[in-house]
Amino acid sequence: MQRCIQLAKLGAGNVAPNPMVGAVLVYENEIIGEGYHMQYGQAHAEVNCINSVPEKFKSQISNSILYVSLEPCAHFGKTPPCSNLIIQQQIKKVVIGCRDSFKQVNGKGIEQLKAAGVDVVVDVLKEECIALNQRFFTFHNSQRPYIILKFAQTADGFIGKTTLYPTKAGERLLISNSFTNKLVHQWRSEEAAILVGTNTALFDNPSLTNRLWTGKNPLRLVIDKQLKLPSTLQLFNQQEKTVVFNLLKNEIDQQIEYVQLNTTESVIQQIIQYCYSHQIQSILVEGGGQLLQSFINENLWDEARIITNEKLSVKTGVTAPKLSGLLQHSTHIFGDRIDFYTNHLHD
């Protein structure tokens, strides 16, 4: 099952809104086939696993044990049901990491296998398998995307300079180093969307792409209530889709979608509702301080990744957001410390 989880992670950033899944086929304690869900709309892990079996072992597929990190699907979606394939291959035993809470599966795959006489073992490394697909499970169980907060701060707890309007190019406070920046771009490649507020878009002029890494770029989300951001910003270069949350209009201009908000509900709640209705399973919130603190205040976050430059102190500036979370682990990259928190206030 550990190998299933390793394989599944290779699909990160490419399979959403499907879950990451890995599968391993074992004959007489030897792995004879393995696979993972590689791309949304393409073959599932079980199919790739069975197809990978060398010719000399194909006659032993029915005598093997299939390990899979998530309950096999039992419905026709982009691909046929994997439960049917397992039954057709006459595999007699299946070991499953955890159930699939998606309403079109949720036990149906297990029931179908058992009805066909397959010996099914469930909940092997259950917690690890659930953690693997926390975005998928949060989306279907809580009807909202999985939310990751990310910001960089100085050693004395500031995320930017006090000056609201930088006076010249290069006025922006650069905190994290080039190696950490590459890691941040890897994070971007793993999430469905990335969100910034008006001031971050205006003063940092970010592209919000993962140009320092590989894989697809996230959907770009920006809050611009009065549509005051200039069209010359990189966010509006039409190279990637950008959704602009505002109070003035609903409109689509090529790759730019304007989504009108109402004034009676929380802006964050409306963004989350938009993401849920558009099958966007995860959001990386990259600031600034006011936007990040809003997510924290509304208790709408699952994970926080805080980068601290342990050598840089500025003594004054924009104070970093304050959160109450559970520190899971920390890592160091050439003077940058990265702390990974989870929201312990969630049930």
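Tutor: The answer below begins with the strand, then turns to the chain as a whole and to several individual residues.

This is a predicted model, in which local features need pLDDT of at least 70 and side-chain atom pairs count only at pLDDT 80 or more, while totals for chains, interfaces and linings use all residues. Residues are numbered from 1 along each chain as its sequence is written, and side-chain values use heavy atoms, with hydrogens and water left out.

Strands (E, at least two residues) and helices (H or I, at least four) are DSSP runs, numbered from the N terminus. In a regular strand, side chains alternate between the two faces of the sheet. In strand 9 both faces are covered: Leu219, Leu221 and Ile223 are buried on one side, and Arg220 and Val222 are buried on the other. Strand 9 also has a partner, strand 8 (residues 193-196), with which it pairs in the parallel sense over four bridges. Two strands are said to pair if DSSP finds at least two bridges between them. One of the residues involved is Ala193, whose bridge partner in strand 9 is Leu219.

The strand belongs to a protein chain with 10 helices and 17 strands. Buried residues make up 50% of the 347 residues in this chain. The radius of gyration, taken over C-alpha atoms, is compared with a globule rule of 2.2 Å times the number of residues to the power 0.38. For 347 residues a compact globule would have a value near 20 Å, and the 23 Å of the protein chain agrees with this. Along the principal axes, the C-alpha atoms fill a box of roughly 70 × 45 × 35 Å. Of the contacts between residues at least 6 apart in sequence, 67% join residues at least 24 apart, a contact being heavy atoms within 4.5 Å.

Burial is also found in the helices. In helix 6 (residues 134-142), the buried residues are Arg135, Phe136, Phe137, Thr138, Phe139 and His140. Gln143 follows helix 6 and has a positive phi, near 55°. Helix 9 (residues 267-277) contains Gln270, which counts as buried because its relative accessibility is 9%. Leaving aside residues up to four places away in sequence, Gln270 touches Leu261, Asn262 and Glu265.

Asp123 counts as partly exposed because its relative accessibility is 39%. Phe334 lies in the loop between strand 16 (326-333) and strand 17 (336-342), and its phi is also positive, near 45°. Phe334 is exposed, as its relative accessible area is 66%. Finally, Pro17 is placed in the loop between helix 1 (2-9) and strand 1 (22-27), and a cis peptide bond with omega of about 10° joins Ala16 to Pro17.

Key: Buried means under 20% relative accessible area, exposed over 50%, partly exposed in between (1.4 Å probe, protein chains only).
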